[in-house]
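Subject: Structure handover

Hello,

Please find the structure below, with the sequence. My notes on what turned up in it follow.

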Amino acid sequence: MLRQTDRPFRRTAVCAAVALGGLLAALLVATRPPLPWTSDRADAIAAEQVQAAPGPVMFPLFGRKSGRLYDYEPKGTGGLQAMIDMGGGWAEADSIVQANVSEGGKGNDLYHRLDGTLFYTAEHGNDTKVVGGGWSIYDRLVSVGNMGGTAEPDLVARQTDGTLWLYTARPDGLLQPRVRIGSGGWNSMTALAGRGDYTGDGKADLIARQSDGALYLYPGTGNYVQDGVLGARIAIGNGWNTHKLIVSTGDNTGDGKTDLIAADTAGLLWLYKGTGTPGTPLAARVQIGTGGWAAFDHLF
C-alpha cells in the first residue's frame with residue numbers, strides 16, 4: 001500500500017485564464033482572495049510507506065465548509081486524525097477534486113473550477129495551470145483513479161444532459177480528449193465516487209447513488225473505448241439518501257482494499273470497508289466521526 005499523505009503543501013496565487021479572439025491569456029485575479037495552496041499542512045509521518053508490491057493508495061480526506069478547506073489525514077488502520085485547517089478563499093470554486101498526478105503518483109494535487117475554467121495545481125510547485133475553459137457544461141466532477149490505461153488518475157465528468165465522460169490525465173496534470181463512458185441517464189445520480197478497485201479484479205470502478213437512494217457499482221472493464229469503459233451495474237445497497245455526501249479516499253484502513261466514506265444528514269461520518277467482492281463490495285458501516293460533518297458542502 002502506498003500512503004499518499006504527510007507532505008506539506010505550498011501556497012500559491014491562483015491565476016485565471018480568459019479566451020479572447022481564440023487566444024488564451026493568463027491573468028491574475030486581483031478581485032478575489034488567492035486560493036491558497038497552503039504551507040500550513042504539517043507532516044504527520046516523516047516518510048512515505050511503500051510496500052514491496054504496490055497496492056491501493058491511502059489518501060487524506062479533504063472537506064470544504066464556509067469557504068475554508070480542511071485536511072483529515074488517515075490513521076492508517078481506519079478513521080481519521082485531527083483536522084488541519086488549510087485556509088480560506090475557496091468559496092468561489094464550484095468544483096474541487098483531489099488527484100495524485102505529480103511526482104509519479106505521490107503528489108496530493110488539486111483540480112478546481114472557477115467560472116467555467118478548470119485549473120490544476122500540483123502539491124509541490126509554484127504555479128497553477130489552466131486545463132481548459134468550457135467546463136461549465138458539467139455539473140459533477142470526480143477523481144476515479146486509473147480507468148483509461150495511463151499511469152495517471154483520471155477524471156469523470158457528468159454533463160448536464162446526463163451523459164458521462166472520462167478524461168485521462170497526463171503527467172503534467174493536463175488532460176487528454178474526453179471519451180464518452182455513459183450515453184445518458186446519469187443525471188438521475190445524486191452522488192459519484194470511485195478512486196479504486198471495489199471488485200478485486202485490479203481495475204478502477206465507479207460507485208453511483210441514484211435519486212431514490214439506491215447504490216450501484218459500475219465495474220471498470222479496462223477497455224478504453226467509447227461506452228465500453230464501464231460494465232453492467234451491480235446493485236449494492238438501498239437507503240443511501242440518509243447520507244449527504246459520499247466519497248472515496250482509497251484504502252483508508254490499510255488492508256489493501258478500497259473503502260467508501262459517507263457523511264449522513266445528522267452530521268455523523270461513516271466508514272464502509274471494502275471487501276474486494278463484486279456482489280458485496282462494502283462491509284457494514286463503522287462510525288468514524290462523531291458530529292459536525294453536515295456543515296461540509298463538499299468532501300473530496
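Of the 300 residues of the protein chain, 53% count as buried (under 20% relative accessible area; exposed is over 50%, partly exposed in between; 1.4 Å probe, protein chains only). The model is predicted, so local features need pLDDT of at least 70 and side-chain atom pairs count only at pLDDT 80 or more, while totals for chains, interfaces and linings use all residues. Residues are numbered from 1 along each chain as its sequence is written, and side-chain values use heavy atoms, with hydrogens and water left out.

The protein chain has one helix and 24 strands (DSSP runs numbered from the N terminus: helices are H or I with at least four residues, strands are E with at least two). Among contacts in the protein chain with a separation of 6 or more, 48% are between residues 24 or more positions apart (contact means heavy atoms within 4.5 Å).

Sheets

Gly63 has Tyr70 in E6 as its bridge partner.

Another open sheet of four strands runs E20-E21-E22-E23, again with antiparallel pairing. E20 (243-247) and E23 (286-289) are at the edges with a single partner strand each, so one side of each has no neighbour in the sheet. From one strand to the next the twist averages 30° (axes are lines fitted to C-alpha atoms, for helices over the stretch in contact, and angles run from 0 to 180 degrees between N-to-C directions). Strands E21 (residues 260-264) and E22 (residues 269-272) run antiparallel and are joined by four bridges; the partner of Ile261 in E22 is Leu271.

Aromatic rings

A search of the whole structure gives 11 aromatic pairs (rings of Phe, Tyr and Trp, the last by its six-membered ring, with centres within 6.5 Å; planes under 30 degrees apart are stacked, over 60 edge-to-face, the rest tilted). Tyr111 and Tyr120 have ring centres 5.1 Å apart and planes at 45°, so this pair is tilted. Tyr111 is buried at 1% relative accessible area, and Tyr120 is buried at 3%. Trp135 and Tyr138 also form a tilted pair, 5.2 Å centre to centre with 55° between the planes. Here Trp135 is buried at 5% relative accessibility and Tyr138 at 3%.

Tyr70, the partner of Gly63, belongs to a cluster that ring pairs build from Tyr70, Tyr72, Trp293 and Phe296.

Two arginines sit over ring faces (CZ of Arg, or NZ of Lys, within 6 Å of the ring centre and within 35 degrees of the ring normal). Arg178 lies over Trp165 at 3.5 Å from the ring centre, and Arg195 over Phe59 at 3.4 Å.

Asp109

Asp109 is in strand E9 (residues 109-114) and is buried, with a relative accessible area of 0%. What does its side chain reach at 2.8 Å? That is the backbone nitrogen of Glu123. A polar atom of the Asp109 side chain also lies 2.7 Å from the backbone nitrogen of Ser102 (a polar contact is a pair of N or O atoms within 3.5 Å; within protein, one must be able to donate a hydrogen and the other to accept it, and residues adjacent in sequence count only if both atoms are side-chain atoms).

Regards

Methods. Two strands pair if DSSP finds at least two bridges between them.
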